Amino acid sequence: MPHDAQGGVPAGFRTPPSPPAFDPWRYRWAVATALATLVLVFIGGLVTSTGSGLAVPDWPLSYGMLMPPMVGGVFYEHGHRMAAATVGVLTLVFAVWTSLREARQGVRRLAWAALAAVVVQGLLGGLTVLYLLPTPVSVAHACLAQTFFCAVVALAYATSREWLAAPGAREDRAGVRPVAAAATACVYGQLVLGAVMRHTGAGLAIPDFPLAFGTLVPPLTTLPVAVHFAHRAWAVAVLAAVIVLARRGRRSGERGLARLGLLVLVLVLVQVALGAAAVLTGKAVTPTTLHVAGGAAVLGGCWLATLRSFRLLRPQAPQEAPASLVEARARP
Ligand code: HEM
Ligand code: HEM
C-alpha cells in the first residue's frame with residue numbers, strides 16, 4: 001500500500017491534487033505580519049518593563065484623543081496601541097486577501113482565527129487598562145500575544161513555496177517530528193511561567209544567578225520563590241529539548257531542519273543569558289524586554305521546526321518483522 005506522504009497534516013492544509021500556485025505577495029505579507037508581531041511583542045514588553053501600563057487611563061481613546069502628546073509613559077503605552085493597530089490592519093488585509101484567493105479551507109479558517117485572536121488581544125489590552133492591570137488579564141494578554149504570533153508563523157509557512165511544493169518523501173528516521181512538537185510545548189509552558197512571574201512581581205524573588213540564595217535548590221517556602229525557581233528549572237528542560245532537536249535536525253538529512261535546529265539552540269542560549277542579565281541587573285529595561293521578545297522568537301522557531309518537520313518528513317513506517325519471526329508466528 002503506498003504510504004500517505006501527507007500523514008499528520010490536517011485535512012484543510014493538505015496540498016490539493018493540483019497544488020495552488022505560489023502567491024509571492026501574499027506570502028511576503030504574512031512574513032511581514034509575523035515580523036511586525038515580533039516587534040510588537042518587544043514594544044508590549046517595554047510597556048510592562050517601564051511600568052507604563054497605566055500611563056494612559058482610558059481606552060479605546062487615549063486621554064479622549066486619537067493622538068495624545070507622546071510624553072513620559074504615554075510614549076510607550078500609546079505607541080504600543082498604535083503598533084497593535086498596525087498589526088491588526090495587516091492581519092485584516094491578510095484574512096480578506098486569503099479568503100478571496102486561497103483554495104485550502106484550513107488556511108482560510110486559520111487566517112480568520114488569527115484576526116479573531118488579534119481582536120480579543122486588543123480587548124484584553126483594553127481590559128487591563130480599565131481594571132488597573134489585574135494579574136490574570138495581564139498574563140492572558142502576554143500569552144495570547146505569543147499564541148497569535150504562532151498563528152501568523154503558521155500562515156506564513158502555509159503560503160510559502162516550501163509548503164506548496166510536494167510534501168517531503170524522506171522518512172523521519174531521526175525522530176524530529178516528536179521532539180520538535182515536545183520542544184514547542186515545553187517553551188509554551190515556560191512562557192506561561194514567565195508571564196505569571198512577571199505579572200506577580202516575582203522577577204527578583206531569587207536575587208542571584210546561577211545559584212539561588214547561594215544553593216542549587218532554595219527553600220520553596222513562598223509562592224514567588226517557587227514560581228521563579230520553576231521558571232529556572234524549566235529552562236533546563238527547554239534547553240535539553242532544544243539540544244535534542246538540533247541533533248536530530250542535523251541527522252534528518254534536511255538542510256532546512258538542520259539549520260533551524262541550530263538557530264533555535266543559539267536563540268535559547270541567548271535567552272538564558274538574557275534571563276540571567278534580567279536578574280543580575282535588577283530587571284534593567286533592555287535585557288528584560290529583550291528576554292520577553294526572545295521568548296517569542298524561541299517559541300516561533302520551535303513551532304516552525306514542528307511545522308517543517310511534519311511537512312518535509314513523513315512519519316516513520318512501522319518496522320517490518322524479520323522473516324524468521326513471521327514464519328515462527330505462522331507455525332501452529
Ligand atoms: C495585536 C495586539 C497586541 C499584542 C500582540 C500585544 C502584546 C503585548 C505584549 C507582548 C505585552 C507585554 C506583556 C509582558 O511583558 O508580560 C503587552 C503589554 C501591554 N499591552 Fe498589549 N498587545 C496588543 C494590543 C494591545 C492593546 C490594543 C492595548 C490597549 C490598551 C494593549 C495594552 C497593553 C498594556 C496596558 C500592557 C502592559 C500590561 C502590564 O504591564 O501588566 N495591548 N502587550
Ligand atoms: C530557557 C528558556 C527561557 C525562556 C523561553 C524564557 C522566557 C521568558 C518569557 C517569555 C518571559 C516573559 C513572559 C511574559 O511576560 O510575556 C520570561 C520572564 C522572565 N524570565 Fe525567562 N525564559 C527562559 C529562561 C530564563 C532563565 C534561565 C532565567 C534566569 C533567571 C529567566 C529569568 C526570567 C525573569 C527574571 C523573568 C521576569 C522578568 C520580570 O519580572 O520582568 N528566564 N521568561
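## A tour around ligand 1

Start with helix 3, which gives the most to the shell around ligand 1, with 7 residues; helices here are DSSP runs (H or I, at least four residues) numbered from the N terminus. You are looking at a predicted model, where local features need pLDDT of at least 70, side-chain atom pairs count only at pLDDT 80 or more, and totals for chains, interfaces and linings use all residues. Residues are numbered from 1 along each chain as its sequence is written, while chains are lettered from A and ligands numbered from 1 in the order in which they are written.

Next, select ligand 1 and its surroundings: 30 residues, the closest being G44, G53, A84, G125 and S138. A residue is near the ligand if its C-beta atom, placed from the backbone, lies within 6 Å of it. Helix 1, helix 2, helix 4 and helix 6 are among those that each supply at least two residues of this shell.

Now colour domain 1 (24-165) and domain 2 (169-317): both give residues to the shell, so ligand 1 lies between them. The domain bounds come from an automatic or database domain assignment.

Then move to the largest nonpolar core, with 69 residues. Such a core is a set of buried Ala, Val, Leu, Ile, Met, Phe, Trp, Tyr and Cys residues joined through C-beta atoms within 7 Å; buried means that 20 or more other C-beta atoms lie within 10 Å of a residue's own, with C-beta atoms placed from the backbone. Select A114, V152, V153, L155, L245 and V264, which have the most contacts inside this core.

Last stop: a second, separate core of 6 residues, including L46, V47, V56 and Y76.

Methods: A residue is buried if 20 or more other C-beta atoms lie within 10 Å of its own, exposed if 12 or fewer, and partly exposed in between; C-beta atoms are placed from the backbone.
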